[in-house]
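Please look through the structure shown here, and then follow the account of its helix packing and of one of its strand residues.

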Protein chains: 2
Amino acid sequence: MQLISGGVTAPKGFTAAGMHCGIRNNQSKKDLALLYSEVPCQAAAVYTQNKVYGAPITVTRTNIADGMAQAMICNSGNANTCNADGVEKAEKMCQLAADALGLQPTDIIVASTGVIGMTLDITPIAAGIPKLAPTLSKEGHADAVEAIMTTDTKPKEEAYTTTVGGKTVTIGAMAKGSGMIHPNMATMLGFLTTDCAITAPMLQKALKLAVDDTFNMVSVDGDTSTNDMVSIMANGLAENPIIDKEGADFDAFLAVVKEICTSMAKQIAGDGEGATKLVECHVTNAPSIPLAKAIAKSVITSNLTKAAMFGADANWGRILCAIGYTEGDFAVDTIAVTISSQKGSIDVCKNGAGVAFDEDKAKEILLQEEIHIDIDMQQGDAQATAWGCDLTYDYVKINGDYRT
Amino acid sequence: MQLISGGVTAPKGFTAAGMHCGIRNNQSKKDLALLYSEVPCQAAAVYTQNKVYGAPITVTRTNIADGMAQAMICNSGNANTCNADGVEKAEKMCQLAADALGLQPTDIIVASTGVIGMTLDITPIAAGIPKLAPTLSKEGHADAVEAIMTTDTKPKEEAYTTTVGGKTVTIGAMAKGSGMIHPNMATMLGFLTTDCAITAPMLQKALKLAVDDTFNMVSVDGDTSTNDMVSIMANGLAENPIIDKEGADFDAFLAVVKEICTSMAKQIAGDGEGATKLVECHVTNAPSIPLAKAIAKSVITSNLTKAAMFGADANWGRILCAIGYTEGDFAVDTIAVTISSQKGSIDVCKNGAGVAFDEDKAKEILLQEEIHIDIDMQQGDAQATAWGCDLTYDYVKINGDYRT
């Protein structure tokens, strides 16, 4: 597979657009994104597991129950969640997009991100969509990805090509974080597009497999959002033999889906609210994959470990502590921990106990922007990776008064 | 029952002392506490459920396996955890205390709190204990409670009297927080003393019942520490008929244990690292007690809710979000949320959706030092209360470079 430039419009047949329609007061912040395929797509999605979930989740679930979609509309600035008229408003967004694109409302994936529990004003969206649709273009991916951002500081998009059944298949993605992000399903918004020919069930399978190891292994703050989902639309324009079962073609497609989801996951973690660094925790030789995942997540979710990462403090006892309160049966007296970055690597713990290390070297390693925590459990052969970020003053600042 | 002045030395026969022995560099910070009963005590304790636990936990568990103890030694500044020679050092602390007091090492409860994974230097403790023991006194409770503090800003101690079997029984307690505090058993250090006559099994039962609803319902940062425990010593000097079964006497004793544990729990939550306010979450009409507890804990543990409390922002959507990701089966469309403080009360959510409220009034309410979040699930009759604090710049500051 190959990384190429672009995002969701890189695959054949997809166009996108983004604008400021007026949901947000800040006129320089785009707040409405539209994504469109010139032909109908097979569609799949995974959703938040929070029992409190947004109206757009309800509506999207219904709309793609038939495995089909052709466009996606997403606003930022308001989550349209915990509102008595939420479903009605989400359906209205689909109707407006369908009218502008000559589609049926059930062809639309709808998403919202922003404040929970504030009534969504449909007026700016109703006024915006008819202006937005005519601006759909190949270059529009950059505007679309900007429009889905909330407290994200960087747009997150990427595209890859790979070969499936002798044909070049392209996949694109855009995603947004960056608070209320915690592993428990599609912990943010991610929109994937591809021109691969694949059936909806296989598309759902590939997405689920990829998300479990990527988006679901990200935590910014331990809070699983009410609204987040990852969707994928596949329009088949690459003209590969349609993937309708497992095998070499499915594996090739799955590999590129995983690659792009991994990249989005790391970008989301590194751009967590207030974050100054990306923390990757890799657990090896664990008794089982679920336990390896749980331990990796526990470490990157620990506020104390996150604060230590912010302070570039090699306080590895907090890592051991976070491992120790992970639910499940495992031994702790075999655990080895290594901390590394581009500045080198140090062993800080062996057999569950501290080892002497050079504090200056540790500081140098931890002052980098990407930190790796490697945990060798030495009691099995399962492994897992999770991604998080540090806990900073800015996280508190951003979340101490988000609504103002 | 009646609140009286004093702490762990309020019950008959107990004396205490505290000093700076040199585990910490800061000479003005006491770091060694001793607590003594003039007669042997029935003893009970509950311990952290973290699989990584401190050597003092191992040693205390062994020492009070016979249900007896007569003294307690505790240092701050070093947790004596994840050290290869940890148990040996913890046993040495018991030996030193026993020698100074004319007891057996197995009569001693030992505890440590501070940095994990740093070898404990026994030298200052060995030099300190022989000086500390002769200073044991009724007034010593104030020095002892200071000596167990780490990042606590306030000493936490209290005493009550009640009547058991026609006799006045006194109970005293001291506790420390204030980071790495999360509900999963004895989430900090708490030392209780009483002159009540009670058997060790009934003492253990009372302590466990009280801790489950108090210390275990506190969270400062979601991190369950490796070292924390709550112990109780009962020396019987109140001369009440010994409590050896359930009944009116046990109930009277349990009530006062619960009262003092509740007070300690609230003091710990309110003095969480960097905290500016105490947040109490009361869940009512839930389907079951475990679920009521889980929901209450989920809300007070949510970083986003905690940051909103710091910002005095009535962002109740985050409360709904935290309720929603609690594991278990329950409906969300019946939930009502009320926020209150001494400045009044406002309903922010009914039937799972927002209701209009006065933002200025909400701000005024949330600017107080003790905030109550009342969640009416309207689907059962179980209730629970949890205590937490806000997430602040100072939490990040304290934990970003704790070791320096």
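At roughly what angle do the axes of helix 5 and helix 6 of chain B cross? The model is a predicted one, in which local features need pLDDT of at least 70 and side-chain atom pairs count only at pLDDT 80 or more, while totals for chains, interfaces and linings use all residues. Residues are numbered from 1 along each chain as its sequence is written, and chains are lettered from A and ligands numbered from 1 in the order in which they are written.

The axes of helix 5 (residues 200-213) and helix 6 (residues 248-270) of chain B cross at roughly 40° and come within 9 Å, where helices (H or I, at least four residues) and strands (E, at least two) are DSSP runs numbered from the N terminus, and axes are lines fitted to C-alpha atoms, for helices over the stretch in contact, with angles running from 0 to 180 degrees between N-to-C directions. That angle makes helix 5 of chain B oblique to helix 6 of chain B; angles under 35 degrees count as roughly parallel, over 145 as roughly antiparallel, 65 to 115 as roughly perpendicular and the rest as oblique. Residues in the contact include B:Met202, B:Ala206 and B:Leu209 of helix 5 of chain B and B:Phe250, B:Phe253 and B:Val257 of helix 6 of chain B, two residues being in contact if their C-beta atoms, placed from the backbone, lie within 7 Å.

Helix 8 (residues 303-310) and helix 9 (residues 317-324) of chain B pack at an angle of about 155°, with their axes 9 Å apart, and are therefore roughly antiparallel to each other. Their contact is made by B:Leu304, B:Thr305 and B:Ala308 of helix 8 of chain B, together with B:Arg318, B:Ile319 and B:Ala322 of helix 9 of chain B.

Turning to helix 2 of chain B (residues 86-101), its 16 residues should span 22 Å at 1.5 Å a residue, and the separation of its end C-alpha atoms, 23 Å, agrees with this. Among its buried residues are B:Ala90, B:Met93 and B:Ala97, a residue being buried if 20 or more other C-beta atoms, placed from the backbone, lie within 10 Å of its own. The buried residues of helix 2 of chain B pack against strand 3 (32-47), helix 1 (55-63), strand 4 (68-78), strand 5 (108-115) and helix 3 (123-132) of chain B. Just after helix 2 of chain B, B:Gly102 takes a positive phi of about 70°.

Strand 3 of chain B also holds B:Gln42, which is buried, with 25 other C-beta atoms within 10 Å. Not counting residues up to four places away in sequence, B:Gln42 touches residues including B:Met68, B:Ala200 and B:Leu203.

How values were computed: The expected span of a helix is 1.5 Å times one less than its number of residues. A residue is buried if 20 or more other C-beta atoms lie within 10 Å of its own, exposed if 12 or fewer, and partly exposed in between; C-beta atoms are placed from the backbone.
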